[in-house]
Amino acid sequence: VVGFALQYRIGQLYMISKHSHEQSDRGEGVEVVQNEPFEDPNHGNGQLTEKRVYLNSKLPSWARAVVPKIFYVTEKAWNYYPYTITEYTCSFLPKFSIHIETKYEDNKGSNDSIFDKEAKDLEREVCFIDIASDEIPERYYKESEDPKYFKSQKTGRGQLKEGWRETHQPIMCSYKLVTVKFEVWGLQTRVEQFVHKVVRDILLIGHRQAFAWVDEWYDMTMDEVREFERATQEATNKKIGIFPPAISISNISMPSSTRSAPSSAPSTPLSTDAPEFLTVPKDRPRKKSAPETLTLPDPSK
């Protein structure tokens, strides 16, 4: 189990770096501002990452007319694997934030009380994400990244058919507690529901890619994936036209966090193009099982 947990961590770091580079272009994309070790008295060694995600062209035309030309989302993440925290804020919306806590366990998504301590006073909606069966936005679909058809040459894993969670080994679950806040009267519920859908799609797409790219990262050590991360981040910053100082990367940790004060986590790029801005997401069928669990506040409250 420990070996697979390390595999998951390496695969996730590889996916984030490669995905960020693919989604970046001149003047738009993911700029890495900070990526360095940090030590927390409670969580131990971890990694602090700060990124700026430039999104202007991702917005619909009416929104681009009212937002600043240089528009970005700041992502700060504290990674104390197997516990991570990620926070998003917006450069011109001080009342907007996304807070994500993540815990990883070696099970099939069966721990319904994993966030009871953190969210005991919150109304929550549990959403199961199945990387093989759930639909993704059509513009992001690639057959080569479809877990139903992909089969790994190095590991033999793949071609995940209905019910795969009950038979495939090794397996683990990523549990996420997602809190979205947008304190603007009249728009709060619609914006929060929209953001929950975007976060869900990002997690679904990212984990499909991590699975489909397994042959690229499977033989990597942690040191090798950190070097890949460093080189890819440098190339990505140049690709979007930003030339920051050199970034130092290694393994250590950072401060403990509460909902109002974050801690650490590898981050998931918030650079997806929304289907209909500020529209209420379509109802999705609930599944009893999935490799990843998202825990959401009830948007109707």
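Which pattern does the protein chain follow when read along the sequence? In this predicted model, the order is α-β-β-α-β-β-β-β-α-β-α-α-α-β. That makes six helices and eight strands.

The chain has 301 residues, and 54% of them count as buried. Its accessible surface comes to about 14900 Å², with 52% belonging to carbon and sulfur atoms. Among contacts with a separation of 6 or more, 74% are between residues 24 or more positions apart.

Next, the interior. In soluble globular proteins, nonpolar side chains tend to be buried together. Here the largest nonpolar core holds 43 residues, and the members that touch the most others are Phe96, Ile98, Val195, Val199, Trp217 and Val225. Several elements each supply at least two residues of this core: helices H1 (2-23), H4 (188-212), H5 (214-217) and H6 (222-239), along with strands S4 (83-90), S5 (93-105) and S7 (173-182). H4 gives the largest share, twelve residues. Val199 is in contact with Ile98, Ile100 and Val178, leaving aside its neighbours within four places in sequence.

Helix H6 can be followed on its own. It has 18 residues and reaches 25 Å from its first C-alpha to its last, close to the 26 Å expected at 1.5 Å a residue. The buried residues of H6 are Met222, Val225, Arg226, Glu229, Thr232, Gln233, Thr236 and Asn237. Seen down the axis of H6, these buried residues fall within an arc of 135 degrees, so they line one face of the helix. One of them, Val225, is also among the core residues that touch the most other members.

How values were computed: Residues numbered from 1 in each chain as written. Predicted model: local features only at pLDDT ≥ 70, side-chain atom pairs only at ≥ 80, totals over all residues. Heavy atoms only, no water. Core = buried A, V, L, I, M, F, W, Y, C linked by side-chain atoms within 4.5 Å. Buried < 20%, exposed > 50% of the residue type's maximum accessible area, 1.4 Å probe, protein only. Helix = DSSP H or I, 4+ residues; strand = E, 2+ residues; numbered from the N terminus. Contact = heavy atoms within 4.5 Å. Areas by Shrake-Rupley, 256 points an atom, 1.4 Å probe, with all protein chains shown as cover. Expected span 1.5 Å × (residues − 1). Arc of directions from axis to C-beta.
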